[in-house]
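Please read them with the sequence and the coordinates open.

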Amino acid sequence: MRRFQRLDIHARAGRNTTLMNLGSQLPAVVLSKLLGIGTTIATRWSDRAGAPRAAYAAEVARRT
């Protein structure tokens, strides 16, 4: 983050947008393992994205 700031690149907004998008598409456990973040943090991003945990299971069921 500091490297980007020295170059006057503000990456936080892009990072947050990406986490919000992933949080809306993946369950918190998958997001946690994929990015190496804690499950509590991943759950917060999923909750902020408005993605209930059951939505992922329903989506997977519709794919088959």
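**Notes on the model**

1. Arg 48 lies over the face of Trp 45, at 5.4 Å from the ring centre. Please keep in mind, here and in the points below, that this is a predicted model.

2. Both of these residues belong to the part of helix H4 that meets helix H2, where Trp 45, Ser 46 and Arg 48 in H4 are in contact with Arg 15, Asn 16, Leu 19, Met 20 and Gly 23 in H2. Sorted by class, the contact of H2 with H4 comprises 3 nonpolar, 3 polar and 2 charged residues.

3. How do the axes of H2 and H4 cross? The axis of helix H2, which spans residues 12-25, and that of helix H4, which spans residues 39-48, come within 7 Å of each other and cross at roughly 80°. Because angles of 65 to 115 degrees count as roughly perpendicular, H2 is described as roughly perpendicular to H4.

4. Turning to the whole chain, the protein has 5 helices and 0 strands, and its elements run α-α-α-α-α from the N terminus on. Of the 64 residues of the protein, 14% count as buried. Among the contacts in the protein with a separation of 6 or more, 34% are accounted for by residues 24 or more positions apart.

Definitions and conventions
Residues numbered from 1 in each chain as written. Predicted model: local features only at pLDDT ≥ 70, side-chain atom pairs only at ≥ 80, totals over all residues. Heavy atoms only, no water. Axes fitted to C-alpha atoms, helices over the stretch in contact; angles between N-to-C directions. Helix = DSSP H or I, 4+ residues; strand = E, 2+ residues; numbered from the N terminus. Parallel < 35°, antiparallel > 145°, perpendicular 65-115°, else oblique. Contact = heavy atoms within 4.5 Å. Nonpolar A, V, L, I, M, F, W, Y, C, P; charged D, E, K, R; others polar. Lys NZ or Arg CZ within 6 Å of the ring centre and 35° of its normal. Buried < 20%, exposed > 50% of the residue type's maximum accessible area, 1.4 Å probe, protein only.
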